[in-house]
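Hi everyone, thanks for having me. Today I'd like to talk about aromatic rings and how they pair up.

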Amino acid sequence: MEDFLRKMKLVDDLSITLKVNKSPFIAAFRGNVDESDLDGVFSGAFDAFSSSKNLYRGEVNSQNFRIRKKRTFFNNYASLPIAKGRFIQREDNLVIETKINAWSNYIIFFYVFVILLYMVMLSLFLGDNPRFGDEFEYFIPIVFIIIHAFFMLGIPYYAMRRGVVRMKQELEREFYYIVSKLNHSI
């Protein structure tokens, strides 16, 4: 499954080597993350009402992290990817290996529901029902239903894909920003 998600660009990796010690970096990174559980269905439902200035929510400890960007008003992605990573200290460098995943098992219910809905709609138009009469009369509605189905299935996919790319860029920028802050404070 993960190979398929990688081909569809819904899962990606990010590996960064930073010239910083592990413990001050983790302390600074933890200061930018609100502690929260990411597993619930409605776990981020009220993020937009949070008074915290932190951009991320999740869990950060001394060995690894699991975070998600907070939802905000007018910037509510269809899927906010979750980044799972680990910290590895190699001599004077800190290596951060991160896996960014936009796929959620809850999306399966959406796709199954939408596909079933469109199959029912198409079967109503294509069925041997005497009330339909001329088949050419229903050509335009059938084409409209098919085009609408492609949009309803495609837009969430592209939103998830875009979320992975954005999360990768934002995490890289955040990590370098934390390092620059730590280097200037010394």
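Let's go through the pairs around one phenylalanine.

Quick housekeeping: this is a predicted model, where local features need pLDDT of at least 70 and side-chain atom pairs count only at pLDDT 80 or more, while totals for chains, interfaces and linings use all residues. Residues are numbered from 1 along each chain as its sequence is written, and side-chain values use heavy atoms, with hydrogens and water left out.

So, what counts as a pair? Rings of Phe, Tyr and Trp (its six-membered ring) pair if their centres lie within 6.5 Å; planes under 30 degrees apart are stacked, over 60 edge-to-face, and the rest tilted. That rule gives ten aromatic pairs. In one of them, the centres of Phe29 and Phe65 are 5.4 Å apart with planes at 80°, so this pair is edge-to-face. Phe29 sits in helix H2 (residues 22-30) and Phe65 in strand E4 (residues 64-69), so the pair ties together parts 36 residues apart in sequence. Helices (H or I, at least four residues) and strands (E, at least two) are DSSP runs, numbered from the N terminus.

Phe29 also pairs edge-to-face with Phe87, at 6.3 Å between centres and 80° between planes. Phe87 is in strand E5 (residues 82-90), so here the linked parts are 58 residues apart in sequence.

Buried or exposed? Phe29 is buried at 0% relative accessibility. Buried means under 20% relative accessible area, exposed over 50%, partly exposed in between (1.4 Å probe, protein chains only). Phe65 is buried too, at 3%.
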